[in-house]
Amino acid sequence: MPTSRAVSALRPLPRDAVALRPESLFGGWQARNAAATLPHCVSQLDEYGNLANLRRVTGDSGAEFRGFWFADSDVYKTLEAALWLGDKSGFVAEIGALLEKAQDADGYLDSYYQVDNRDKQWSELHFSHEMYCAGHLFQAAVAAARSDDSAAPQIVGVARKFADLLVRRFGDSPEVDGHPEVETALVELYRVTGHRPYLDLAARFVENRGHGVLGEGRFGPRYFQDHEPLRDTAEVTGHVVRQVYLLAGAVDVAVETGDAALLEAAERLWDSALSSRTYITGGQGSRHRDEAFGDPYELPPDRAYAESCAAIGSFQWAWRLLLATGKAKYADEMERLIHNGIAGSTGLDGATFFYSNPLQLRTGHDGSHEDAPSQRLPWYSCACCPPNLARLMASLDNYAATGDPGGLQLHLYTAGTFRAGGHAVDVRTRYPWDETITVTITEVGPGPWTLALRIPAWCGDARLTVNGEVVAAEAGYVRLTRTWLVGDRVELTLVMLPRLIAAHPRVDAVRGSAAVVRGPIVYCLEHADAPEGVAFEDLELDTSAPLQVSRDPDGLAPVLLKVPLRARPTDTPHLYRPLPAPARATAPVAVTAIPYYLWANREPGPMRVFIPLSER
Ligand SMILES: [Zn+2]
């Protein structure tokens, strides 16, 4: 095992220590991912030429290179998903053999630069994505190392040979890749190999960035966070996926090297992102042109970019901060992301995906030219998101709990069994539809240990009992330390009254509007539920009437909300008009709101999360 000065508050559980119940929300998502998303991604890699790109390196294909120059990364992400899922379709073995055959003798592997562009290798790092692709290869290798797949040694071998090349080529260099990703991957590879040069190289890449080494590029140095060193930076900026991947890598480096200042910078930047540049779904990025964070409070719902990969990267960043610090706010954010910004990216069929995730779709929307269509698509010319969703969902069971011999910590509530240090618990719940989570102790090690339960910040009324006796529960973690007995029962109720949430007044785009939320789920209005004969955009929220819960086990979701709405017909042809405007709102009618993550699974049409408040 690696020797280091690692500091980390929490420890992930090994793969075999967790089993999610298939009937749970997470278990269902994982099952769909295995049954539909992974096979879909595998077939798309074939159809879109990603595999042929690698086969032309081995001389087994005469086709032209197809897709973006970083198309190999989609192969690696799909490979990682297949490894987490224990896929036995033959895909893992096929790719393992293909990568080994395609790899150059010195370890280099990148199909875009191995046939037509050999003379350009490592010469255009600001946009080449060579190390971004390498990083995804390394992450697949980490999944391989943690699997029992027979191709695992081959995949780890290919990754190490490439990583060793990076150490030789960049170990003393001031250069960095234009797209971060290799940083976190190198640290992960270090964790499974114990090979310190991988960690040192990751640390070097984090430090190299911020000194203008990537030049101006198309959007300036901020685009790739090369305008100032990360540890001196106060605000998140630039391309969101680049920023959040870099920060995930920085936390990994900080944890493994004991670099408190670097960890502090990552926490500071997280506060910056969450205080003024994050949508209520957890999505980030409001600029389409450069896929970037906007200005503070620039969070238009209809122009939300909120790329799926950004939500995934933000989830990975929050997970690393949670492990490093043990602070509940990072698990709160993971919960928000997984139930809203991330879950909404994949269709109910498991084979269609959003690239950008708006919070409002207007009647007559046309966004197909900027990866913002009104329906999920089976694939994209830049297909970074679908296989990224596949690998995250494939590893979702990793993130629900942490533990060590001192105890177990439950972060994301889902039905399943969790084991750590000789202790085990069985969690039964229909969360997030039901409010109650029942934890039964099923195995105990010697002596006292601590069961920690997260009380989400959104919950103002948490009730906890241990074997029927009431225990105080406040936001953060409740820590129950005792000599547990098999059969001991902990019952946590997180009261989920539907509530209206307004954005900070500086979020001008939704001023005077509110979103409807229950528990961790953000709801939305969709055209299919709107009253007949009313223009969707004319609907307003009547705050004088209550929100109601509507349970339907056969509905689109088990819990829907009934929202009191009035219609304010816009009977003027004028785009602008003098105030005061005439008030002719209709009587309120209760309209169904559905979980945001389920929108666009019926016929195409408008949708909105933030609803204007009726002036009455
Ligand atoms: Zn993406």
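This tour moves through charged pairs and aromatic rings, one selection at a time. The model is predicted.

**Stop 1: R15 and D397**

Select R15 and D397. They form a salt bridge, and their closest N and O atoms are 2.8 Å apart. Now look at where each residue sits in the chain. R15 belongs to the segment before β1 (18-20). D397 is in the loop between α15 (385-394) and β3 (401-404). The pair links distant parts of the chain, 382 residues apart.

Is D397 buried or exposed? D397 is buried, with a relative accessible area of 10%. R15 has a relative accessible area of 22% and is partly exposed.

**Stop 2: E267 and K327**

Next, select E267 and K327. This is another salt bridge, with 2.8 Å between the closest N and O atoms. Which parts of the chain does the pair tie together? E267 lies in helix α12 (residues 260-276), and K327 lies in the loop between α13 (308-325) and α14 (328-342). Those parts are therefore tied together although they are 60 residues apart in sequence. Colour the pair by accessibility. E267 counts as buried, at 15%. K327 counts as partly exposed, at 36%.

**Stop 3: E491 and R489**

Move to E491 and R489. Their side chains meet in a salt bridge, 3.2 Å from N to O. E491 is partly exposed, with a relative accessible area of 28%. R489 also counts as partly exposed, at 43%.

**Stop 4: a charged network**

Select R146, E188, R191, D252, E256 and R320 together. Salt bridges that share partners join these residues into one network. Then zoom out. How many salt bridges does the structure hold? The count is 39.

**Stop 5: an aromatic cluster**

Switch to the rings. Select Y108, W122, F138, F162, F170 and F205. These residues form one aromatic cluster. Across the whole structure, a search finds 27 aromatic pairs.

R169 lies over the face of F170, at 4.5 Å from the ring centre.

**Stop 6: R482 and W484**

Finish with R482 and W484. What lies over the face of W484? It is R482, at 5.2 Å from the ring centre.

Note on methods. Residues numbered from 1 in each chain as written. Predicted model: local features only at pLDDT ≥ 70, side-chain atom pairs only at ≥ 80, totals over all residues. Heavy atoms only, no water. Phe/Tyr/Trp six-rings, centres within 6.5 Å; stacked < 30°, edge-to-face > 60°. Lys NZ or Arg CZ within 6 Å of the ring centre and 35° of its normal. Salt bridge = Lys/Arg side-chain N within 4 Å of Asp/Glu carboxyl O. Helix = DSSP H or I, 4+ residues; strand = E, 2+ residues; numbered from the N terminus. Buried < 20%, exposed > 50% of the residue type's maximum accessible area, 1.4 Å probe, protein only.
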